[in-house]
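Open the model in your viewer and keep the selection tool at hand. Each stop below tells you what to pick and what you will find there.

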Amino acid sequence: MKNIVIFGSGGHAKVILAEILQFKSKYKFHGFVDESKKIGSSIIKIKNKSYRTVDLKLKRIKNLHGIIGIGDNFMRFKYYKNIKKKF
């Protein structure tokens, strides 16, 4: 099982979450990573479950994968380069 976080929390990120939730046996969703939101902020509620922002510095997760959920292509590439430097 792959552990997933989504970078971003806008509309595109929510669409990605909907796809991830269809494959619960393959993926475990840990939360959204969004520097513009307070840690623990609820982003979306689906079937009485709230999906929130998380702080990767506080979580030590094995086999962690990230998806950039930013809809704007230019901003997504810019964010990718920034993430690549950090990790």
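Start by selecting Asn48. Is Asn48 buried or exposed? At 74% relative accessibility, Asn48 is exposed, because the cut-off for that class is over 50%. Bear in mind that this is a predicted model. Asn48 sits in the loop that joins S3 and S4. Now check the backbone. Phi of Asn48 is near 65°, a positive value in a residue other than glycine. Most residues other than glycine have a negative phi.

Step back to Lys47. Lys47 belongs to the loop between strand S3 (42-46) and strand S4 (49-52). Lys47 has a phi near 50°, again a positive value in a residue other than glycine. Lys47 has a relative accessible area of 80% and is therefore exposed.

**The whole chain**

Zoom out and switch to a cartoon view. How many helices and strands does the protein chain have? Look for two helices and five strands. Follow them along the sequence and the pattern reads β-α-β-β-β-β-α.

Next, the overall dimensions. The C-alpha trace spans about 35 × 25 × 25 Å along its principal axes. What radius of gyration would a compact globule with 87 residues have? The value would be near 12 Å, and the protein chain has 12 Å, so the two agree.

Colour by accessibility. Of the 87 residues, 31% count as buried. Then turn to contacts. Take those with a separation of 6 or more: residues 24 or more positions apart account for 59% of them.

**The largest pocket**

Show the surface and find the largest pocket. Its volume is about 300 Å³. Which residues are the closest to its centre? Select Val33, Glu35, Asp55, Lys57 and Lys86. They belong to a lining of 15 residues.

Now highlight helix H2 (residues 73-86). Helix H2 gives the largest share of the lining, four residues. Colour the lining by class as well. You will see eight nonpolar, one polar and six charged residues.

Met75 counts as partly exposed, because its relative accessibility is 40%. Draw a line from Met75 to Val33, C-alpha to C-alpha. The line covers 15 Å, and the two are 42 residues apart in sequence.

Move to Gly71. Gly71 is in the loop between S5 and H2. Its relative accessible area is 47%, so Gly71 is partly exposed. Which residues does Gly71 contact, leaving aside its neighbours within four places in sequence? Show His12 and Arg76: Gly71 is in contact with both. Then show Met1. Gly71 and Met1 are 70 residues apart in sequence, and their C-alpha atoms are 26 Å apart in space.

**The aromatic rings**

Display the aromatic side chains. How many aromatic pairs does a search of the whole structure find? The search finds four. Select Phe29, Phe32 and Tyr51 together. Ring pairs link these three into a cluster. A pair of aromatic rings is described by the distance of the centres and the angle of the planes.

Go to Ser25. Where is Ser25 placed? Ser25 lies in the loop between helix H1 (11-21) and strand S2 (27-33). Ser25 is exposed, because its relative accessible area is 66%. Ser25 and Lys38 are 13 residues apart along the chain, and 29 Å separates their C-alpha atoms.

Finish at Leu58. Leu58 is in the loop between S4 and strand S5 (64-68). Is Leu58 buried or exposed? With 69% relative accessibility, Leu58 counts as exposed. Leu58 and Gly8 are 50 residues apart in sequence, yet 18 Å apart in space from C-alpha to C-alpha.

Terms used. Residues are numbered from 1 along each chain as its sequence is written. Side-chain values use heavy atoms; hydrogens and water are left out. On a 1 Å grid over the protein atoms alone, a cavity is a set of points where a 1.4 Å probe fits but cannot get out, and a pocket is an open set with protein on both sides within 12 Å along at least five of seven lines; lining residues have an atom within 4 Å of a point. Grid points are joined across faces, edges and corners, and a volume is the space filled by probe spheres set on the points. Ala, Val, Leu, Ile, Met, Phe, Trp, Tyr, Cys and Pro count as nonpolar, Asp, Glu, Lys and Arg as charged, and the others, Gly among them, as polar. Rings of Phe, Tyr and Trp (its six-membered ring) pair if their centres lie within 6.5 Å; planes under 30 degrees apart count as stacked, over 60 as edge-to-face and the rest as tilted. Buried means under 20% relative accessible area, exposed over 50%, partly exposed in between (1.4 Å probe, protein chains only). The radius of gyration is taken over C-alpha atoms; the globule rule is 2.2 Å times the number of residues to the power 0.38. Contact means heavy atoms within 4.5 Å.
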